[in-house]
Amino acid sequence: MTCCLGLAAFAGTQQSEQTPPLREVLAERAAADERASRSLDRGASPLAVPVTPVPAATPSPAATRKPKPKPKPARPARPRPVAGLTQAQMDNAKVIVDVGVGMGVPRRGLVVAIATAMQESNLHNLASDVLPESFDHPHQGSGSDHDSVGLFQQRPSSGWGTVAQLMRPAYAARAFYTALLEVPGWQDMSVTAAAQAVQISAFPDAYAKHEQRAGTVVAALT
């Protein structure tokens, strides 16, 4: 009995001397974990979840829609007729005034031109019964005063221009202003005298009666 107990006691003593106490084992393990957690070279945690990249937002159709083009400016309204004129007469008067303004003609010259066209054609672009070719161009009636055509009843045979040119209101107005500006002292003349100096009419005093209405038309167009 003594012998068996002795062997058991000896074996327990040997095991206790060779195996470290549990408390020391746990302490060493904790220290090792702390050193590992402080290491800058440690790998990624096995529990790390990979981050899935978020795709870039796709612009909506509304965002990529092209801007609407700007609306075109509205065409200016035709000048309102004044002084008893029709719309067609007022449109012709506007051409005469616009040409004069573009040439730098003083206001008095504009009045002379309108008064002249009122007397010569009643502000209508007239063809000539004597010149059949004049009807090939836009016209607003016809006359039979020799070969006179257009707003100012200018004669191709007198060197004012071709029939096609004189049937264009803008050309006819420019031809009239060019001749008026060549008259010495025209700005100091009466309206009828200035008009007669250009037109050489058989009725030199006929232009005077249109002066007031011509002034009203010019005032409305300038």
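Student: In what order do the elements of the protein run from the N terminus on?

Tutor: The structure above is a predicted model, and its elements comprise nine helices and two strands. Read from the N terminus on, the order of these elements is α-α-α-α-α-β-β-α-α-α-α.

Student: What percentage of the residues of the protein count as buried?

Tutor: Buried is used here for residues under 20% relative accessible area, while the accessible surface of the protein as a whole comes to about 14,900 Å², with 59% of that surface belonging to carbon and sulfur atoms. Of the 222 residues of the protein, the share that counts as buried is 31%.

Student: How many aromatic pairs does a search of the whole structure find, and is the pair of Phe152 and Phe176 stacked or edge-to-face?

Tutor: The search of the whole structure finds two aromatic pairs. In the pair of Phe152 and Phe176 the ring centres are 4.8 Å apart and the planes stand at 15°. Planes under 30 degrees apart count as stacked, whereas those over 60 count as edge-to-face. The angle of 15° therefore makes the pair of Phe152 and Phe176 stacked.

Student: How many residues apart in sequence are the parts that the pair of Phe152 and Phe176 ties together?

Tutor: Phe152 lies in the loop between strand 2 (142-143) and helix 6 (163-166), whereas Phe176 belongs to helix 7 (residues 169-181). Phe152 is buried at a relative accessible area of 0%, and Phe176 likewise counts as buried at 0% relative accessibility.

Student: Which residues do ring pairs link into a cluster?

Tutor: Phe176 also forms an aromatic pair with Tyr177, with 6.1 Å centre to centre and 70° between the planes, and this pair is edge-to-face. Both Phe176 and Tyr177 are buried. The cluster that the ring pairs link consists of Phe152, Phe176 and Tyr177.

Student: Is Asp147 buried or exposed?

Tutor: Asp147 has its place in the loop between strand 2 and helix 6, and its relative accessibility is 10%. Since the limit for a buried residue is under 20% relative accessible area, Asp147 counts as buried.

Student: Which side chain does a polar contact of 2.7 Å join to that of Asp147?

Tutor: Not counting residues up to four places away in sequence, Asp147 touches Ser128, Leu131, Gln154, Arg155, Pro156 and Ser157. A polar contact of 2.5 Å joins the side chains of Asp147 and Arg155. The polar contact of 2.7 Å joins the side chain of Asp147 to that of Ser157.

Conventions
Residues numbered from 1 in each chain as written. Predicted model: local features only at pLDDT ≥ 70, side-chain atom pairs only at ≥ 80, totals over all residues. Heavy atoms only, no water. Helix = DSSP H or I, 4+ residues; strand = E, 2+ residues; numbered from the N terminus. Buried < 20%, exposed > 50% of the residue type's maximum accessible area, 1.4 Å probe, protein only. Areas by Shrake-Rupley, 256 points an atom, 1.4 Å probe, with all protein chains shown as cover. Phe/Tyr/Trp six-rings, centres within 6.5 Å; stacked < 30°, edge-to-face > 60°. Polar contact = N/O pair within 3.5 Å; in protein donor to acceptor, adjacent residues only side chain to side chain. Contact = heavy atoms within 4.5 Å.
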